[in-house]
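Please read it beside the sequence and the model.

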Amino acid sequence: MSEGTGRTSTAPRPVSPSTGPSARRAAVAPTAKGAPDEPVLDLDGVTVVRDGRPLLDDVSWAVGADERWVVLGPNGAGKTTLLQVASGRLHPSRGRAEVLGEELGLVDVFELRPRIGLASAALAERVPAGERVVDVVLTASYGMVGRWREEYEGPDHDRARELLAALGVAGLERRTYGTLSEGERKRVQIARALMSDPELVLLDEPAAGLDLGGREDLVQRLGALAADPLSPALVLVTHHVEEVPPGITHALLLREGRVVGQGPLEQVLTAEALGATFGLPLRVERSGGRWSARAARA
Ligand SMILES: Nc1ncnc2c1ncn2[C@@H]1O[C@H](COP(=O)(O)OP(=O)(O)OP(=O)(O)O)[C@@H](O)[C@H]1O
């Protein structure tokens, strides 16, 4: 990979002249619209209707380039739907969605998607079980799942390996994806999400299905990513405040497709707001940069 946007310091990028993904990434940076203080994500009254029901209902939300957000809400709140809009995979039924300065509906989403790193269960399900781990990561350069005949250069392989190492799964490059444990898969998915040196990273339930040790390790690694000022804007979806890594700056609370609260983390993660989001009285505590919640009755 060549210099790219120079943002993701998780892995250093070797420099090489290229016509492949590395050159593509380098070319994206100067054409990226907007000043650094403009939002990378700007939703205005976004509503998504399916079968006559709003899955998202009048959501207005802006994410700054230097912000790290957590989206919290119960099952069915609309979190994944929100990330689908944010990743350019779903257009609002009503309202306006601007992603990386481009309005959905007016932009070629195939140009937009490589600028966004996405890790989600839906995307992971599309990875062929026989795909080599290194190819799972490499193919993100083209926004593809499943390697075909496209060419990658040495620096691309170096970057993929470095990202896998940064996520704690060095040495798995030649394994097939289907042979990995759930925890290993999650890390590979995050390495993939970072491969294209994206300007926005969206992680949908990155810790789901992990055991306690796996969750804690991942939360620490995500904390390092969030704390790195050179990292891209980050949006992480979860059901559990225990999975909020240190370094997250803002929170959005969703319930039944509507925003219950949003803003700086400490102001939003209150017992009252979280209780309203999850529909039960909660006790919420913060210790050492981590959060925990339990039913107030317990
Ligand atoms: N294509 C669709 N057609 C109809 N309803 C849908 C469609 N996609 C999602 N839904 C519904 O929209 C609601 C929100 O779904 P979504 O996956 O966004 O929620 P979520 O907050 O991510 O949930 P979870 O935490 O369980 O993953 C759910 O009730 C779901 O059944």
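1. Seven bridges join S1 to S2, and the two run antiparallel. Strands here are DSSP runs of E with at least two residues, helices are runs of H or I with at least four, and both are numbered from the N terminus. Two strands are taken to pair if DSSP finds at least two bridges between them.

2. The model is a predicted one: local features need pLDDT of at least 70, side-chain atom pairs count only at pLDDT 80 or more, and totals for chains, interfaces and linings use all residues. Residue numbers start from 1 along each chain as its sequence is written.

3. S1 and S2 belong to an open sheet of four strands in the order S2-S1-S4-S5, with antiparallel pairing. Strand S2 (53–63) and S5 are at the edges with a single partner strand each, so one side of each has no neighbour in the sheet. Helix H2 packs on this sheet and touches S1, S2 and S4, its direction making about 125 degrees with that of S1. Contact between two residues requires C-beta atoms, placed from the backbone, within 7 Å.

4. Thr-47 stands opposite Arg-94 in S4. S4 then pairs with strand S5 (residues 102–103) over two bridges, in the antiparallel sense. Val-99 has Glu-102 in S5 as its bridge partner. Two residues lie between the strands of this hairpin, and Leu-100 takes a positive phi near 50 degrees.

5. A second open sheet has six strands, in the order S6-S7-S8-S3-S9-S10, and its pairing is mixed. Strand S6 (116–119) and strand S10 (258–264) stand at the edges, each with a single partner strand, so one side of each is without a neighbour in the sheet. From one strand to the next, the twist averages 15 degrees.

6. S6 runs parallel to strand S7 (residues 200–204), and four bridges join them. Ile-116 has Leu-200 in S7 as its bridge partner, while Ala-119 stands opposite Leu-203 in S7. Helix H7 (residues 182–195) packs on the sheet, touching S6 and S7, and its direction makes about 170 degrees with that of S6. S7 is also joined to strand S8 (residues 233–238) by five bridges, and these two run parallel. Within that pair, Leu-203 has Leu-236 in S8 as its bridge partner.

7. Is strand S7 enclosed or open to the outside? Five of its five residues are buried, so S7 is largely enclosed by the rest of the structure. A residue is buried if 20 or more other C-beta atoms lie within 10 Å of its own, exposed if 12 or fewer, and partly exposed in between, with C-beta atoms placed from the backbone. Leu-200, Leu-202 and Asp-204 are buried on one side of S7, and Val-201 and Leu-203 on the other.

8. Which residues surround the ligand? They are Arg-50, Asp-51, Leu-55, Gly-73, Asn-75, Gly-76, Ala-77, Gly-78, Lys-79, Thr-80, Thr-81 and His-239. By class, the shell has two nonpolar, seven polar and three charged residues. Ala, Val, Leu, Ile, Met, Phe, Trp, Tyr, Cys and Pro count as nonpolar, Asp, Glu, Lys and Arg as charged, and the others, Gly among them, as polar.

9. Gly-76, one of the residues surrounding the ligand, is found in the loop between strand S3 (68–72) and H2. Gly-76 is partly exposed, with 13 other C-beta atoms within 10 Å. From Gly-76 to Ala-191 the separation is 115 residues in sequence and 27 Å in space, C-alpha to C-alpha.

10. For the protein as a whole, there are ten helices and twelve strands. Of its 298 residues, 43% count as buried.

Definitions and conventions. Axes are lines fitted to C-alpha atoms, for helices over the stretch in contact, and angles run from 0 to 180 degrees between N-to-C directions. A residue is near a molecule or strand if its C-beta atom, placed from the backbone, lies within 6 Å of it.
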